[in-house]
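Q: Could you walk me through this structure? I am new to it.

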Amino acid sequence: MQDKKKAIGNIVFLFLVFALTIYGVFHGEDLGAMMQAIRQADIRWLVPGVILVLFFIWGESIIIWYMMRSFRIYLKKRICFLFSSVGFFFSCITPSATGGQPMQIYYMNKEKIPIPVATVILMIVTITYKLVLVVIGLGVLIFGQGFLHRYLEGILPVFYLGLALNVFCVSFMTLLVFHPVLAERIILTGMDWMEKLHLLKKKQSRRTKFQASMEVYRETAEYLKDHKIVIVNVILITFVQRIALFTVTWMVYLAFRMKGTPMWDVVLLQAVISVSVDMLPLPGGMGISESLFLKIFMSVFASVTLPAMVLSRGLGYYSQLLISALFTVVAQLYYTMRTQRAARGCERLE
């Protein structure tokens, strides 16, 4: 019952944010001119954009498939693609992408994959996913001062905040993995402090649950120590995967027959948006992503910035949402039908 209420709450929140985003972006704009510009875009460059989104989803499925094999769990790649699709769909519709991994674990359990194994794999996927963003963000900050001042003057505080939150998240998760005893001591001390200040109610169940969850980090640390080459390969695949999604905006740039801006400037600008919004508690960074696009891409797309934003977000986020939703339905149908076939088989044996 509680899960159902939470799901309904997430859906209501998603539609509320979507409605506010639509109003904030299109209020006062000439929608007729925008649609005319979109119709003039060269669709031959938009099709590769959709393929890049599929490649992005497929990339995570390859990581899952590859890591499963390191645990001697041999799954078909299409099954891992369903896991990946489920993760992206629920990440797209929940604040801070919190719903993806629990649902992936739920479906992995249907393949008799032990929950600790699934949790460790998805933990590493999360760490490497955010690590790539941190590397790109720090790279821009350290080596791209000219780039920052040319394109990002108006949104630097948001970029710095997003980068700082990602650095903190990756650092904290790394601490949990490589120094679990120290991390556990710090967090339990923090709980004691908050309970003394009456910011938290004293509950033994909370401590028990936390200490149980720390076991996941210990298992992740053991895996990382024993599979260093696997982790290096996962980081490389993740980097290619993320760059593929950022390149969708370059396809939009080509679709509008624009010239004068290097490909890597466009790709990095899209990466900057992801760095800025990744840790914010909004489904898919909805609302803030559109606003940032309109600000930082104005010098790139000029008069077609709004239509370009519609196509870029439409491909990069909304087509990802639709594709992953489709394969989430496929996953549900597949496992429902398989369960029914197994039940009929048991009936015949009886």
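**Salt bridges and cores**

A: Glu 111 has a relative accessibility of 18% and counts as buried (under 20% relative accessible area; exposed is over 50%, partly exposed in between; 1.4 Å probe, protein chains only). This is a predicted model, in which local features need pLDDT of at least 70, side-chain atom pairs count only at pLDDT 80 or more, and totals for chains, interfaces and linings use all residues. Residues are numbered from 1 along each chain as its sequence is written, and side-chain values use heavy atoms, with hydrogens and water left out.

Q: Which side chain meets Glu 111 in a salt bridge?

A: The partner is Arg 338, at 3.1 Å from N to O; a salt bridge is a side-chain nitrogen of Lys or Arg within 4 Å of a carboxyl oxygen of Asp or Glu. Arg 338 is partly exposed at 27% relative accessibility.

Q: How many salt bridges does the structure hold?

A: There are five. One of them joins Asp 42 and Arg 44, with the closest N and O atoms 2.9 Å apart.

Q: Asp 42: buried or exposed?

A: Asp 42 is buried, at 10% relative accessibility, whereas Arg 44 is exposed at 65%.

Q: Changing topic, which residues touch the most other members of the largest nonpolar core?

A: They are Leu 152, Phe 256, Phe 297 and Phe 301, in a core of 57 residues. Such a core is a set of buried Ala, Val, Leu, Ile, Met, Phe, Trp, Tyr and Cys residues joined through side-chain atoms within 4.5 Å.

Q: And is there a second core, and what does it include?

A: A separate core of 48 residues includes Met 123, Ile 127, Ile 187 and Val 230.
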